[in-house]
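Here are my notes for a first look. Please keep the sequence and the model side by side as you read.

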Amino acid sequence: MAEIISVIMNKGGVGKTSMVTNISGALSIEKDDKVLIVDTDGQGNAAITFKYDPSDFENTIYDVLIGEKNIEDVIIRINENIDLVPANEDMNFLDFDILTNLQKYSNTSDIFKLLKEALAPLHDKYDYIIIDSPPSMGLVTNNVLVASDKVLLPFIPEVYNVKGLIRIIKAINEVKSKQNPSLNILGVVGMMIDNRTTLHGAYLQNAEIFCKTAGIKLFRTTVPRSIVFANANAYDNMPAVYRDRRNKATKAYFELLEEMLSGTSKERPVESVR
């Protein structure tokens, strides 16, 4: 039975797709697991990571969600262990196309279960289904949360992102209470960390305090800011974890995976922040 993990943040540029593709790659390398990546973001960056042009796809997750294709019809084989359900700019119109055709649905709550129902036939075919989400809270992200077992939250420790983190956690808890009682937040991951600045350390401490109060894990493993991720996509057409696992940046994803699978996290020292 596949475990469904979504990567969500209501802001672009925080490393959602990098997390999705590198965690998927680490799972395939470390555990030899079968992973399905499902992209629900209209930018289609998951496909770009693996050298595909999203605009070339005739059928995507959009066609699945509007009921014109079965999900098996749009799956792309990436390698022996990873498959991809791609997205393209059609997803930017999904909210409009669904909400202006509500008469198609016997119950309006059904529009929040479209992804969950689409994924149902795949549960026994994969070890993990990892979902990339758009940088907003709307119909698509609501579908992602209803379909998920667990949520990972990538977080850049800067002032506006702390506020965004608080808002997204409230939204997730709302979905959990009303639509998906089995949904759990796996944890918050510090992304694009620059150890040369004290700013990131200070806001990580703020996030730690908030997460402890909210009963949410802040992973001890953080992902550093590094050109290695962009280089791997540009020159190797694959996530960086396939390139050099000894590199400090890529090594972070293997450490994050180990921390995720162990279910434990070392305590991060918390100091008062001025």
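Predicted model: local features only at pLDDT ≥ 70, side-chain atom pairs only at ≥ 80, totals over all residues.

The points below take up a helix, the nonpolar core and the aromatic rings.

1. Helix 1, length. Helix 1 covers residues 16-30. At 1.5 Å a residue, its 15 residues should span 21 Å. The end C-alpha atoms are 21 Å apart, which agrees.

2. Helix 1, surroundings. Of its 15 residues, 12 are buried, so helix 1 is largely enclosed by the rest of the structure. Among the buried ones are K16, M19, N22, I23 and L27. After the helix comes D32, with a positive phi near 55 degrees.

3. Core. The largest nonpolar core has 90 residues. Which of them touch the most other members? They are I61, L119, I129 and L153. Helix 10 (residues 248-262) gives the most to this core, with 7 residues.

4. L153. Leaving aside neighbours within four places in sequence, L153 is in contact with residues including I8, M9, L165, I185 and V189.

5. Aromatic pairs. There are 2 in the structure. Y52 and F57 form a tilted one, 5.9 Å centre to centre with 40 degrees between the planes. Y52 is partly exposed at 29% relative accessible area, whereas F57 is buried at 15%. F229 and Y253 pair edge-to-face, at 5.7 Å and 85 degrees. F229 lies in helix 9 and Y253 in helix 10, so this pair ties together parts 24 residues apart in sequence. F229 is buried at 12%, and Y253 is buried at 0%.

6. Charge over a ring. R245 lies over the face of F254, 4.0 Å from the ring centre.

Definitions and conventions: Residues numbered from 1 in each chain as written. Heavy atoms only, no water. Helix = DSSP H or I, 4+ residues; strand = E, 2+ residues; numbered from the N terminus. Expected span 1.5 Å × (residues − 1). Buried < 20%, exposed > 50% of the residue type's maximum accessible area, 1.4 Å probe, protein only. Core = buried A, V, L, I, M, F, W, Y, C linked by side-chain atoms within 4.5 Å. Contact = heavy atoms within 4.5 Å. Phe/Tyr/Trp six-rings, centres within 6.5 Å; stacked < 30°, edge-to-face > 60°. Lys NZ or Arg CZ within 6 Å of the ring centre and 35° of its normal.
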